[in-house]
Amino acid sequence: MTTALDATQTIDIISQMRTATLPAHEKLDNLIMASDLFSDRESYSRLLIMQYCLQRDLEPLYHDASLKELLPDLESRSRLHLVEQDMADLGLTLPQSEEDTPALPLPDLASNVGWLFVLEGSRLGAASLFRRASAFGLSDCFGARHLAGPAEGPGTAWRIFAQTISTQPFNDEEKARATVGALAAFDHAAALTRQYVDGAQKG
Ligand code: HEM
């Protein structure tokens with residue numbers, strides 16, 4: 001028999017990751033929003049380079065066979081080609097030194113779900129960043145393609161992701177590993193933000 005206690009003991013994997021990463025998200029959100037990235041295209045370029053590095057480093061997730069079994073549309077979710085086009089639009093060259101391309105640990109399905117959670121979740125804030133970029137002439141055809149999101153809206157892509165992952169039979173240990181992965185992904189995004197957004201601002 002399922003009791004009320006049983007129900008509270010079963011924490012949804014998405015809620016668990018969301019709750020655990022709230023402070024990391026808030027810190028990153030504040031850092032980005034305080035960095036004066038939306039006054040002109042030159043300032044915005046710092047965000048673009050950070051986004052490029054993040055998408056590039058996590059691109060292997062979108063080709064991971066086990067994740068693809070869970071999410072058949074996984075490959076089409078990658079935004080790397082869009083951010084590359086945005087950089088070309090603005091005449092930016094891709095950073096390519098070895099220290100810029102760390103080999104990220106993508107060890108097991110549960111951890112990889114955690115890393116993917118962060119990249120897919122970042123679509124939710126992207127819609128608002130897209131509106132800001134539109135103010136200085138960027139669009140889904142020029143410079144802000146990676147922020148524009150799918151035609152059906154970022155909410156739909158996110159809902160499908162969250163529902164699919166939530167209905168998988170992950171046990172508590174796997175949920176914990178996913179959460180560690182999500183926290184590591186936020187750490188990585190924060191390091192890139194400090195390097196390309198915040199650090200670049202301070203010169
Ligand atoms: C690399 C990862 C992420 C980055 C860089 C990021 C960045 C941001 C930024 C800068 C905002 C603020 C936009 C504004 O104030 O106008 C924001 C908002 C938001 N983010 Fe994130 N985020 C990330 C991951 C996530 C994740 C994993 C989730 C949830 C699972 C999430 C959910 C949201 C939501 C719901 C908002 C508010 C959207 C709105 O008000 O329209 N984000 N994010």
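In the protein chain, 82% of the contacts with a separation of 6 or more join residues 24 or more positions apart, a contact being two residues whose C-beta atoms, placed from the backbone, lie within 7 Å. The model is a predicted one: local features need pLDDT of at least 70, side-chain atom pairs count only at pLDDT 80 or more, and totals for chains, interfaces and linings use all residues. Numbering runs from 1 along each chain as its sequence is written.

The protein chain has 10 helices and 0 strands (DSSP runs numbered from the N terminus, with H or I and at least four residues for helices, E and at least two for strands). Buried residues make up 32% of its 203 residues; buried here takes 20 or more other C-beta atoms within 10 Å of a residue's own, exposed 12 or fewer, and partly exposed is in between, with C-beta atoms placed from the backbone.

Now to helix α6, residues 80–89, where Val83, Asp86 and Met87 are buried. They sit on the same side of α6 because they cover an arc of only 100° around the axis, taken from the directions from the helix axis to the C-beta atoms. An α-helix has 3.6 residues a turn, so residues three or four places apart point the same way. The buried residues of α6 pack against α3 (41–58) and α8 (145–148), while the face turned away from the buried side carries the exposed His81 and Ala88. Just after α6, Gly91 takes a positive phi of about 70°.

As for the ligand, the largest share of the shell around it, 9 residues, comes from α7.
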